[in-house]
Amino acid sequence: MTNAVDAATPARYQNGFAQVVERVGLAIMGALCGLFVAAMVARADIEDINSLGALFSALLYGSLGFYLGTNIPSLPSSGTISNVGSVPKTNPIALASATGTFVAAVAALVSVYMIIFDETPPVIWNVGIGLGWALGVLLQLAAGTAVRLRRYNSAPG
């Protein structure tokens, strides 16, 4: 006869493997977004940000942001239905993560559009799109870090 711990162990490892694969995929998506935004911003021909180091920094920054900031749990439900007239609560950390993901993805989409269709916007547009992407990834990083710090600090001793 097997006990419940032995039966649950393979499922736990499979779920862990699936999470690792998902996280690596999200990190790759973040790196691709960083690559597209960096390539578009490099076309502005600004000397300080038109370098290989800036490109690799954008790749690393994007992959970290998408890796850390896209798996934010929702607020626990209270389980009561008596609050019918009340407004549902929004988790501010999940909202920051979702907003960051949206802003970073829109900046990457605009960058891809400009690269593919060979658009040449004013330099201020390139810088604005790059800063918008950086702000979106920063929101993801902040939300992911806040959740992980909260879990670490609330873990039993």
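**Figure 1. Left-handed crossing of helices H2 and H4.** In this predicted model, helices H2 and H4 cross with left-handed geometry. Their axes come within 8 Å and cross at roughly 45°.

**Figure 2. Residues at the contact of H2 with H4.** On the H2 side, the contact is formed by Ala58, Tyr61, Gly62, Leu64, Gly65, Phe66, Tyr67 and Leu68. H4 contributes Trp133, Ala134, Val137, Leu138, Gln140, Leu141, Gly144 and Arg148. Sorted by class, the contact holds 11 nonpolar, 4 polar and 1 charged residues.

**Figure 3. Asp45 in the loop between H1 and H2.** Asp45 is located in the loop that lies between helix H1 (4–42) and helix H2 (52–68). The phi angle of Asp45 is near 60°, which is a positive value in a residue other than glycine. Asp45 has a relative accessible area of 59% and is therefore exposed, the cut-off being over 50%.

**Figure 4. Asp118 in the loop between H3 and H4.** The loop between helix H3 (92–116) and helix H4 (123–154) contains Asp118. Asp118 is a residue other than glycine with a positive phi, near 55°. Asp118 counts as exposed because its relative accessibility is 56%.

Terms used. Residues numbered from 1 in each chain as written. Predicted model: local features only at pLDDT ≥ 70, side-chain atom pairs only at ≥ 80, totals over all residues. Heavy atoms only, no water. Helix = DSSP H or I, 4+ residues; strand = E, 2+ residues; numbered from the N terminus. Buried < 20%, exposed > 50% of the residue type's maximum accessible area, 1.4 Å probe, protein only. Axes fitted to C-alpha atoms, helices over the stretch in contact; angles between N-to-C directions. Left-handed = near helix turned anticlockwise from the far one by under 90°. Contact = heavy atoms within 4.5 Å. Nonpolar A, V, L, I, M, F, W, Y, C, P; charged D, E, K, R; others polar.
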